[in-house]
Amino acid sequence: MLQPLLPAIFADYPLEKVSLLRLDALDAHAPGNKRYKLSGYVEQARASNVQTLLSFGGAWSNHLHALAAVGAQQGLHTVGIVRCEAHEMDSPTLADARAWGMEIVPVGRTQYRQRHLPEYQAQLQARYAPCIVIPEGGASLPGARGCAAIADLVLNANHRARRVVVPVGTGTTLAGIVAALPPEYEVIGISALKGAADIERNVESLLEALLPSGQRARWQVMHEHHCGGFAKVNDDLKRFMQVFESGQNVALDPLYTAKMLLAVSNLRETGQWDEREPLIAIHTGGLQGRRGFSWLRNELAV
Ligand SMILES: *Cc1c(COP(=O)(O)O)cnc(C)c1O
């Protein structure tokens, strides 16, 4: 589960003593952090005898992909409200989701923008009743709570590293991990987005709800390692992925995990972090999304 990087890339990138927590290798169809973010909703569905889970995402969404896979595994019906253009209806992500039984409902931008509104969610709730509506990306308190199990994997690995690095979109995964690790740990989030000023506030409020007074890890989100913005890639990132994958038996996704590891390399190269300090980097999956990038060797993808 915890896999040290091989020396093959160390001359180009200072990534010695970095161990990957391979959430990407956990489950063939629903790997990565999204499965943890969904676990609370699956339990809730079981407990309340609800058969339908509904959520939102784009045509390449890791979240909808995982939801469809988990739904198929658990015998639950899933509905995806998908923001997409006509030509994206056949993305590999949506094709998998459909094959796993997800009902795909394409919507335009205007309707998609309503996804956070209680009235809109109530409408969907009524239309697919009885159903559980899951926020986009699983960004919610139950989503964060499910990620405590990722912290257990870190603790059970008995590794001497006390610094844990994780890629960040909304910060939900980070919050769940921070709440479940003791104070001697430090969790560093690498934001995949440009200028997402509300991440810290989101993490704070999740922590407040998860753990009003308890002890927890220290944490921080870094915002300078997005390589151009969400879902953007620059030449540094491409080169890094190519060198990395030629020397490791691990595939990365360009949106999150590659940016995280390049950030670690840059922070060490510039002396902000000690190169000799061991650390655990969490591979949060997302490999299904590689199929959207023609410059990647797709045989490495799922
Ligand atoms: C969604 C996602 C993240 C970000 O998770 P948050 O909980 O939103 O911060 C990180 N990595 C991968 C591969 C993802 O799909």
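Reader: Hi! What kind of model is this, and how are residues numbered?
Author: It is a predicted model, where local features need pLDDT of at least 70, side-chain atom pairs count only at pLDDT 80 or more, and totals for chains, interfaces and linings use all residues. Residues are numbered from 1 along each chain as its sequence is written, and side-chain values use heavy atoms, with hydrogens and water left out.

Reader: Thanks! Which residues come nearest to the ligand?
Author: Lys34, Lys37, Thr170, Thr173 and Thr284 do, out of 15 residues around the ligand. A residue is near a molecule if one of its heavy atoms lies within 4 Å of it.

Reader: How much of the ligand does the protein cover?
Author: The protein covers 97% of the 390 Å² of accessible area that the ligand has on its own. Those areas come from the Shrake-Rupley method with a 1.4 Å probe.

Reader: And which helices and strands supply the shell?
Author: Helix H1 (33-48), strand E7 (163-168) and helix H8 (172-180) each give at least two residues. The largest share, 3 residues, comes from H1. As for the labels, helices (H or I, at least four residues) and strands (E, at least two) are DSSP runs, numbered from the N terminus.

Reader: How many of the shell residues are nonpolar, polar or charged?
Author: There are 3 nonpolar, 10 polar and 2 charged residues. In this scheme Ala, Val, Leu, Ile, Met, Phe, Trp, Tyr, Cys and Pro count as nonpolar, Asp, Glu, Lys and Arg as charged, and the others, Gly among them, as polar.

Reader: Staying with H1, is Asn33 buried or exposed?
Author: Asn33, which is found in helix H1, is buried, with a relative accessible area of 8%. Buried means under 20% relative accessible area, exposed over 50%, and partly exposed in between (1.4 Å probe, protein chains only).

Reader: What does the side chain of Asn33 touch?
Author: It makes a polar contact with the side chain of Thr173, at 2.9 Å. A polar contact is a pair of N or O atoms within 3.5 Å; within protein, one must be able to donate a hydrogen and the other to accept it, and residues adjacent in sequence count only if both atoms are side-chain atoms.

Reader: New topic: how many residues of strand E3 are buried?
Author: In E3 (residues 52-58), 7 of its 7 residues are buried. Thr52, Leu54, Phe56 and Gly58 lie on one side, with Leu53, Ser55 and Gly57 on the other. In a regular strand the side chains alternate between the two faces of the sheet.

Reader: Which strands does E3 pair with?
Author: E3 runs parallel to strand E4 (residues 77-83), joined by 7 bridges, and Leu54 has Val79 as its bridge partner there. The chain gets from E3 to E4 through helix H2 (residues 62-74), and this β-α-β crossover is right-handed. That means that, with the strands pointing away from the viewer, the path from the first strand over the helix to the second runs clockwise. E3 is also parallel to strand E6 (residues 131-133), with 3 bridges, and Leu53 stands opposite Ile132 there. Two strands pair if DSSP finds at least two bridges between them.

Reader: Last one: which peptide bond is cis?
Author: The bond from Ala129 to Pro130 is cis, with omega near -10°, and Pro130 lies in the loop between helix H5 (118-127) and E6. Most residues other than glycine have a negative phi, and most peptide bonds are trans.

Reader: What about the phi of Cys227?
Author: Cys227 has a positive phi of about 55° although it is not a glycine. Cys227 sits in the loop between strand E9 (218-222) and helix H10 (235-247).
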